[in-house]
Amino acid sequence: MRLRRALPIASVLSTLLVISACSGESADSSEGKPKASAKSTQSAEEKEAAEAKRVGALDTEHLEKATLTGTTKGINAKKVAKAEVEAGRGMKADKKVCQPLASLIGGFTHIPAVSEAHRSLQPVKATNATVGSMWLASHSEKNATQVMKDLRTAVTACPKGFKTLGLTYGKVEKLPATELGDESVDYRITGDIGKQKVPMTYTVVRSGGVIAAFYGVNMLDMKNAAIPKSFIQAQLDRIAGETG
């Protein structure tokens, strides 16, 4: 069987596990919701911009500019529909110490960010079976540092996993750090889908006040499920260009 044929299966599983993972839709989907007036929308944007300036973070407009879109280093990054993004916001772990892990599964940091940007990731080559997603969260540098500290604690304290939204994540393994950005945490979580074990690989990097999380799943070879370092570095370079 060709690897490209296996990709849709992996995509479906990653959608179940990450919720916000695999979508090529526009990030500004507002179907079924009342439209805000231009005045109220502008007010919300101004409020966010003021908060971003106060804490030294990026607002949504600037974070989107700092987030890769299109093909880079053999990976195609697409915006994720807003409805899919929001579906993951309420991920709550049954163990408080594991909350940083549950929040990242949903596509957010456990400490609320000033702004966020989400992308689904798919390989360009048919021989690459790794699919996944990434999300950027802009904080004050103090809060971003705390996010990483709490995440390290969670990886160490939750080796037997946790439950969230009726899903079971039975194993958490610490992986060697990629040593990119200001600091990074790498780990693998095994999710239980029926009788099938699905290993998910995460690389979470801090660049100043921006947390960049990268998720990958490969149903054919879990050891090659991580998003490539070359793509991660390209994203970090983009962040540096926007924040520098």
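Tutor: Buried means under 20% relative accessible area, exposed means over 50%, and partly exposed lies in between (1.4 Å probe, protein chains only). This is a predicted model, in which local features need pLDDT of at least 70 and side-chain atom pairs count only at pLDDT 80 or more, while totals for chains, interfaces and linings use all residues. Residues are numbered from 1 along each chain as its sequence is written, and side-chain values use heavy atoms, without hydrogens and water.

Student: Is Lys-197 buried or exposed?

Tutor: Lys-197 meets Asp-192 in a salt bridge (a side-chain nitrogen of Lys or Arg within 4 Å of a carboxyl oxygen of Asp or Glu), with 3.0 Å from N to O. Because its relative accessibility is 55%, Lys-197 counts as exposed.

Student: How many residues apart in sequence are the parts that Arg-89 and Glu-116 tie together?

Tutor: The closest N and O atoms of Arg-89 and Glu-116 are 3.6 Å apart, and the two residues form a salt bridge. Arg-89 lies in the loop between α4 (82-87) and α5 (99-106), whereas Glu-116 belongs to strand β3 (residues 115-123), so the parts tied together are separated in sequence by 27 residues. Helices (H or I, at least four residues) and strands (E, at least two) are DSSP runs, numbered from the N terminus. The partly exposed member of this pair, at 43% relative accessibility, is Arg-89, and the separation asked for is 27 residues.
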